[in-house]
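Trainee: I would like a close look at the salt bridges of this model. Which side chains are paired, and how exposed are they?

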Amino acid sequence: SGCCGVLGSSVRERISCKQNFIPKLFSSQFRILSAIHFFCKNIIDMAEQGAPSTSGNHGGVWIKQCEDGINNQINLELYASYMYMAMGHYFDRDDVALKNVAKFFLENAEEEREHANKLVKYHHQRGGTTAYFNIKAPGAFDVATFNTLKAMQCALALEVNVNKSLLALHDTAEGDPEFQDFIEANFLHEQVEAIKMLKD
């Protein structure tokens, strides 16, 4: 099937599943890019639909828009970790055997998991409850067509979408300067660097 990221039914009811066109390259890359686009677009749509926080951070109040937004971002970081882990283990296979490429993606998987854990910890500090979405497995990679270049293109698409989601979350946190500062200090600068590295 074409979608690796599947949200729970209650979440699906709140979002539009309309997808933009992604050029069809080769089967594995097209499937992965489609899955990345599908999952990330749903997360970003939900983040953008969240009204900016007008009540602010008076007395440390954690409003629902921020709680929903950070839950979305936690699950997107976990999805990114899952995708990176799958690609890392693919390149570590005996019939692919690109150990340095595998190491790169596995390190990225660990980094994204750490991001998710950092968000969960902050969420709980603010009095929130973490909600987890279902994430479908990415499926098999085609050894004949899925190579390092295509994997890097998928990684770039993933990082760009994670960055879009973080920016939408930052907008949702308007009126809560402490939350905005947390996003800026721990995520936004790092995302810019990651995107530049993959583009280079």
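Mentor: Partly exposed describes a residue whose relative accessible area lies between the buried class, under 20%, and the exposed class, over 50%. The model is predicted, and each value below is computed from it. With a salt bridge taken as a side-chain nitrogen of Lys or Arg within 4 Å of a carboxyl oxygen of Asp or Glu, the count comes to seven.

One of these pairs joins K99 to D92, with the closest N and O atoms 3.0 Å apart. K99 has a relative accessible area of 45%, so this residue is classed as partly exposed. D92, at 33%, is likewise partly exposed.

A salt bridge also links the side chains of R93 and D95, with an N to O distance of 2.7 Å.

Within helix α4, which spans residues 99-125, E110 and R113 lie three residues apart, about one turn of the helix. Their side chains meet in a salt bridge at 2.7 Å, N to O. E110 has a relative accessible area of 35% and is therefore partly exposed, while R113 falls in the partly exposed class at 39%.

Finally, R126, D176 and E178 are linked in a network of salt bridges. As a general principle, side chains of opposite charge can pair when their charged atoms come close.

Notes: Residues are numbered from 1 along each chain as its sequence is written. This is a predicted model: local features need pLDDT of at least 70, side-chain atom pairs count only at pLDDT 80 or more; totals for chains, interfaces and linings use all residues. Side-chain values use heavy atoms; hydrogens and water are left out. Buried means under 20% relative accessible area, exposed over 50%, partly exposed in between (1.4 Å probe, protein chains only). Helices (H or I, at least four residues) and strands (E, at least two) are DSSP runs, numbered from the N terminus.
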